[in-house]
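Open your viewer and get ready to click along. We will go one selection at a time.

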Amino acid sequence: MARTGNKNIQAKLVLLGDMGTGKTSMVLRFTKGQFFDFQESTIGAAFFTQVLSLNEATIKFDIWDTAGQERYHSLAPMYYRGAAAAVVVYDITSMDSFERAKKWVIELQRQGNPNLIMFLVGNKVDLEEKRKVGNEEAEQYAKENGLVFLETSAKTAQNVNELFYEIAKRLTKKVPSRPTGMKLHRRPQETGRRRQLPRFPQLFVRMLVYQIELHCGPSDLKIKAALNEK
Amino acid sequence: MEKKRIDDYEPGPLPSPRQLDRFGFVKQEIHNSQDGLTKGRSAYEFDREERRVRNWRKMIGVGGSDWKHYVRRKPHVVKRRIRKGIPDCLRGLVWQLISGSRDLLLMNPGVYEWLGLFKSAVILSNHKSQVVEVDPQLVIYETSASELDIIRDISRTFPSHVFFQQRHGPGQRSLYNVLKAYSVYDRDVGYVQGMGFLAGLLLLYMSEEDAFWLLVALLKGAVHAPMEGLYQVGLPLVQQYLSLFDRLVKEHMPKLGEHFTQEMINPSMYASQWFITVFSYSFPFHLALRIWDVFLYEGVKIVFKVGLALLKYCHDDLVKLPFEKLIHALRNFPEDAMDPDTLLPMAYSIKSTEVSCANQLIKTWTRIEFLSSSSYPLEWKRAAMEERVGVLSSTFSMD
């Protein structure tokens, strides 16, 4: 694989899942080693970065931590679009959260990119006595859907670092050896031709984008980028 | 703070008053020095503060009796004084007066208690001491998704404030009651994450019932454009405000706008919570209060203006940063940028035709939403749509 044994990979990672499943706690445990029993609800989304060094590569994670409530669903595509990995989190003490996780998986399969690495994570294993979602059940589901499955506890730190290491490992496998500085974001080409849109009147295109956003959530950024070029 | 003994009231360790800031938040070492209020006050400042409060009292009259008269006679004086900050001891009352929630309360006596009767089975079984006579059918009907969401978020709203810290303490119970009442009152909206911060902020300054009506006044638009679109399915108004904010950034700070485009930064990455919680989430509390003073009197345009002012203040740093650092900076503004006495004057000075266009747009939009959600004839809806398109083109044809 890598000749130099040291690739630099930048990867966008998104956390999805029902509210109160511990997405933010998991990221805080990973990035800062902190845990709060009462973590403030995430409104909109939060962003974190963390660097992980493996033998084969250095991975820089750009982590989008999303708001969990169903109502915030319409904002989610803009966070998972272009992500290299998605972590779908449920709470092992809540069957509802597991059902919600399945919905996320379906949505990602339908709309996400086909190369997306997907993890299914059952959090809060420290609350074993309140468990509602069986380990086997989730594992079975993960297997059927080609997801990597783990159970974690952000509170006790069980499996949290392992989760991110596992993601990092799979990312390095996916990325063919290339010059350093490989980015796993979908970004506009740095140089040269951006795709030109047909020259509609600006106002018309703007209104179109506006309408699209109004009905279908944030529209493709490329259109906007093209608009702003002129 | 009242102290009631309830069966399942487990008082957590209560921080000693020394660890709290003036507003009741547990102090974090980081901004110990500068919560904007701990600084010692000179006798002169003290006098000035006294004078201010006296003036305000005169303006309000006993229990708010002179307020309307004063506002009608000297609106500019009211505006100027509000922009300087409402004295903390009068804030709760003034907020109710300027938001129109006082009138709602008076027009709807008993409604809040009635909404409170919709207690669910969950709560009744938890609070056996509060026996409420409820129609059993209502009880079943009301164990809604909203309610479970509220319960899950209750201890995660202002977790560092002493009033909301204790599990099942008075703060958490008030918060629950207000949010629950709202979710019953307005089923389309129900409970949405973020509303807890609005309610929490209000509850620090007024009673449950007053806070509830202020929430109604805001979401239903008693005085200004209704906020409910921020919370309805699809968060339509959030999308709209964000795309407008995007354009405003480009209008006011073309260089930064260009940089954002280059780095693929868009406002939903940093500004959605500004609108959803009106800066009450993850901003210094004393700043949030000052923004709320103006917000309740002048409407949502102050949110746009404060947002622009923040970017403007940090402009020269922001234009140099790459994506990751940029996002971080946009979510962690430096202390000095968040000093109300610096930031707010900057915000007031931002003038934009688009901001006022925005207000226009929002008003029109709300009418259309209303029309399209109801069973009006198609032609009406089309007319309304066309009207919106008209407004749109006047908003967007600036370049």
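What percentage of the 230 residues in chain A are buried? Select chain A of this predicted model: buried residues make up 41% of the chain.

If you walk along the sequence, the elements come in the pattern β-α-β-β-α-β-α-β-α-β-α-β-α-α. Now think about contacts between residues at least 6 apart in sequence: in chain A, 73% of them join residues at least 24 apart.

Time to look inside. In soluble globular proteins, nonpolar side chains tend to be buried together. Here the largest nonpolar core has 148 residues. Select A:A85, A:V88, A:F119 and B:L215, the members that touch the most others in this core. Then move to chain B and pick helix α17, residues 285–298, which gives the core its largest share, 10 residues.

Come back to A:V88 and show what surrounds it. Leaving out residues up to four places away in sequence, A:V88 touches A:L16, A:G17, A:A101, A:W104, A:V105, A:M118, A:F119, A:L120 and A:V121.

Finally, colour chain A by pLDDT. The mean is 82, and 73% of the residues in chain A reach 70 or more. Select residues 177–181 of chain A, where pLDDT stays under 50 and the model has 7 contacts beyond four places in sequence. Your last stop is residues 187–201 of chain A: pLDDT is below 50 here too, and this stretch has 12 contacts in the model beyond near neighbours in sequence.

Methods:
Residues numbered from 1 in each chain as written. Chains lettered and ligands numbered in written order. Predicted model: local features only at pLDDT ≥ 70, side-chain atom pairs only at ≥ 80, totals over all residues. Core = buried A, V, L, I, M, F, W, Y, C linked by C-beta atoms within 7 Å. Buried ≥ 20, exposed ≤ 12 C-beta atoms within 10 Å, placed from the backbone. Helix = DSSP H or I, 4+ residues; strand = E, 2+ residues; numbered from the N terminus. Contact = placed C-beta atoms within 7 Å. pLDDT = per-residue confidence, 0-100.
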